[in-house]
Amino acid sequence: MGSLPARRLPVVMRTIITVACMVRTSASRSPPARGAAATRRASPKVLGATTRVGNLLGMNAIGNKGKLWTSLRRAYGRERAAELMPLTYNLTDPADVALLKAEHAPTSRYVCKNALKSQREGIRVTDNLTFVLNARKEGYGIAQVYARDVLTVERRKVNVRAWLVVACDGRHRPTAYLYKDAKCLYATADYDEDADDDAARVTATMHNKHKSANLPQTVADLGPAVADRGGSPETLFASMRRALGDVFGAARSKICRAEAVGSQARTMIFGVDFLFT
């Protein structure tokens, strides 16, 4: 594995992430596992990436969910893109809106997202097709198919937040590193996929401390939860790493462009959220 030279890390990164705790992430060269054994394991989908430290022109290719979906679809096709993140419709694209209408079913449910609002304020879960088709007027940029049969721990829906470091060297070459410790994020109410309560469906960084005190806090603690799906914390982390490798591979041509980076090495930290189905 490659290692990130410490001299390239911003001071703030040195204080919260050590070089020894990172592994290099590269685009996966192997096809995703198939068959009965593979389908039992928790499968990660990238929900989005939020910039935490740094600023690189072109990183919207990862940070913007609509652009990320476009990059994945162009790189791997729609079927593989829908394995890497929830099936997404760009509400600003008439062709995507027409596709959404054509693929809609009576049981369909969607998650509309507004990038200008934070956390729950920017999310609307609905099965109302009319609302989705008009959601752009209310600032929603994308609609994603609602994921069912998600990973839960003691009846709480759980997502995982991982830390991705993207480094650009003086020759405009991007490299990505994934921090080994990933944090578990929980919904604030017991999960019910048919409930109308967002507290049961949307995870948050702030949650019921009394309830979460005995819940796993990192991916390394998720052993019993993922064992029921034929996996382990190690296979879970490996699947996250492969997924991020493909995400990075689809977007890397837009990162570290000469006009943005110049001749200096730069880095950027993302918080990347994963949903497991």
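Q: What does helix 6 (residues 94–103) lie across?
A: Helix 6 lies across strand 3, strand 4 (110–113) and strand 6, and runs at about 135° to strand 3. Helices (H or I, at least four residues) and strands (E, at least two) are DSSP runs, numbered from the N terminus. The angle is taken between N-to-C directions, on a scale from 0 to 180 degrees, with axes fitted to C-alpha atoms, for helices over the stretch in contact.

Q: What kind of model do these values come from?
A: This is a predicted model, in which local features need pLDDT of at least 70 and side-chain atom pairs count only at pLDDT 80 or more, while totals for chains, interfaces and linings use all residues. Residues are numbered from 1 along each chain as its sequence is written, and side-chain values use heavy atoms, leaving out hydrogens and water.

Q: Why is Trp69 called buried?
A: Buried means under 20% relative accessible area, exposed means over 50%, and partly exposed is in between (1.4 Å probe, protein chains only). Trp69 has 1% relative accessibility, so Trp69 counts as buried. Trp69 sits in helix 4 (residues 65–76). Leaving aside neighbours within four places in sequence, Trp69 is in contact (heavy atoms within 4.5 Å) with residues including Arg78, Met85, Pro86 and Leu87. Trp69 and Leu87 are 18 residues apart in sequence and 8.4 Å apart in space, C-alpha to C-alpha.

Q: How do you know that the buried residues of helix 6 line one face?
A: The buried residues in helix 6 are Asp96, Val97 and Leu100. Seen down the helix axis, they fall within an arc of 100°, so they line one face of helix 6. The arc is that of the directions from the helix axis to the C-beta atoms. On the other side, Pro94, Ala95, Lys101 and Ala102 are exposed. The buried residues are covered by elements including helix 4, helix 7 (129–133) and strand 6.

Q: What makes strand 3 (88–90) an edge strand?
A: Two strands pair if DSSP finds at least two bridges between them. Three bridges join strand 3 to strand 6 (residues 142–145), and the two run antiparallel. The open sheet has four strands in the order 3-6-4-5. Its edge strands, strand 3 and strand 5 (123–126), each pair on one side only.

Q: How do you know that strand 4 and strand 6 pair?
A: Four bridges join strand 4 and strand 6 in the antiparallel sense, and pairing needs at least two. Val111 stands opposite Gln144 in strand 6.

Q: What makes a set of residues a nonpolar core?
A: A nonpolar core is a set of buried Ala, Val, Leu, Ile, Met, Phe, Trp, Tyr and Cys residues joined through side-chain atoms within 4.5 Å. The largest such core has 46 residues, and Ile255 and Phe274 have the most contacts inside it. Helix 11 (residues 233–251) gives the most to this core, with nine residues. Apart from it lies another core, of 10 residues, including Tyr89 and Ala143.

Q: How many disulfides does the structure hold?
A: A disulfide is a pair of cysteine sulfur atoms within 2.5 Å, and the structure holds zero disulfides. Cys112, at 0% relative accessibility, counts as buried. Cys184 is also buried, with a relative accessible area of 1%.
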